[in-house]
Amino acid sequence: MKPVFLIKHSKGAFGLRFFGLGPNLKPTKGLFKLQQFLNRNAFWAKDRTINDLRKCLANSDVIVSIWSQNEPVGFGRALSDGIYRSVLWDIVIDQNHQGRGYGKMIVKNILESKQIKHTKKIYLMTTNKKLFYSQLDFQEVSSQSLLVREM
Ligand SMILES: CC(C)(COP(=O)(O)OP(=O)(O)OC[C@H]1O[C@@H](n2cnc3c(N)ncnc32)[C@H](O)[C@@H]1OP(=O)(O)O)[C@@H](O)C(=O)NCCC(=O)NCCS
């Protein structure tokens, strides 16, 4: 198995956003690769434009990615107020790299980040990966409802 490289991006992922930086801070068209990676692996994140992805990264507090030979094979991000509430978004592992512990690695790194680790509640939404998150101590809540207002 080829070695993988985990990147804990700075808040807003400036290098990835503007220079497409990948492992070892090398320009690798990383933002375009991330777009294609999401198209291939995340049904809810298909067809995101490069400009919208830039905005999304710019406004994310924690961003973690995993790379194999200059190709993204894992991604995750989170928003946080640093004390009360955090939300995880877009936790994705490439379909050919699943089942190797990378998903767990992404979530653990996000949870251990300084912006998240002291927040009192960490939320996430999932369509069909409840069991994966329950292994990471997330529990389903029946006392609250998920409400959505769509644009
Ligand atoms: C869900 C996802 C991120 C898991 O990543 P992964 O790298 O395959 O998972 P890991 O190898 O880190 O698995 C960690 C543990 O969770 C378990 N697990 C992983 N996926 C699971 C699933 N769908 N159901 C039940 N358990 C699961 C593994 O067996 C493993 O258990 P272990 O530690 O006892 O061996 C990945 O399957 C994925 O990207 N799916 C497509 C996108 C998606 O649906 N993302 C979630 C959005 S909410």
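Okay, housekeeping. What you see is a predicted model, where local features need pLDDT of at least 70, side-chain atom pairs count only at pLDDT 80 or more, and totals for chains, interfaces and linings use all residues. Numbering runs from 1 along each chain as its sequence is written, and side-chain values use heavy atoms, with hydrogens and water left out.

Let's start with helix H3, residues 50–58. Helices here are DSSP runs of H or I with at least four residues, strands are E runs of at least two, and both are numbered from the N terminus. Which residues of H3 are buried? They are Ile50, Leu53, Cys56 and Leu57. By buried I mean under 20% relative accessible area, with exposed over 50% and partly exposed in between, using a 1.4 Å probe and protein chains only. Looking down the axis of H3, those buried residues fall within an arc of 115°, so they line one face of the helix. That arc is taken from the directions from the helix axis to the C-beta atoms. Turn to the face pointing away from the buried side, and you find Asn51 and Lys55, both exposed. And what do the buried residues pack against? Helix H1 (14–19), helix H2 (30–41), strand E2 (62–68) and strand E3 (71–80).

On to the aromatics. Searching the whole structure turns up five aromatic pairs. Rings of Phe, Tyr and Trp (its six-membered ring) pair if their centres lie within 6.5 Å; planes under 30 degrees apart are stacked, over 60 edge-to-face, and the rest tilted. Phe14 counts as partly exposed at 45% relative accessibility, while Phe19, at 52%, counts as exposed. Then there's Tyr133 with Phe138: centres 6.0 Å apart, planes at 80°, so that one is edge-to-face too. Both Tyr133 and Phe138 are buried.

Now the ligand. It has 19 residues around it, the closest being Ile91, Ile93, Gly101, Gly103 and Lys104; a residue counts as near if one of its heavy atoms lies within 4 Å. A backbone N or O atom of Ile91 sits 2.8 Å from a ligand nitrogen. Gly103 has a backbone N or O atom 2.8 Å from a ligand oxygen, and for Lys104 a side-chain N or O atom is 2.8 Å from an oxygen of the ligand. How much of the ligand does the protein cover? The answer is 72% of the 910 Å² of accessible area that the ligand has on its own. Those areas come from the Shrake-Rupley method with a 1.4 Å probe. Strand E4 (85–93), helix H4 (102–112) and helix H5 (130–134) each give at least two residues to the shell.

Ser80 lies in strand E3 and is buried, at 18% relative accessible area. A polar atom of the Ser80 side chain is 2.9 Å from the backbone nitrogen of Gly82. Tyr84 is in the loop between E3 and E4, and at 48% relative accessibility it counts as partly exposed. Leaving aside neighbours within four places in sequence, Tyr84 is in contact (heavy atoms within 4.5 Å) with Thr119, Lys120 and Lys121. Tyr84 and Thr119 are 35 residues apart in sequence, yet 4.9 Å apart C-alpha to C-alpha. With that same exclusion of neighbours within four places, Thr119 is also among the contacts of Ser80, including Asp61 and Arg85.

Key. Polar contact = N/O pair within 3.5 Å; in protein donor to acceptor, adjacent residues only side chain to side chain.
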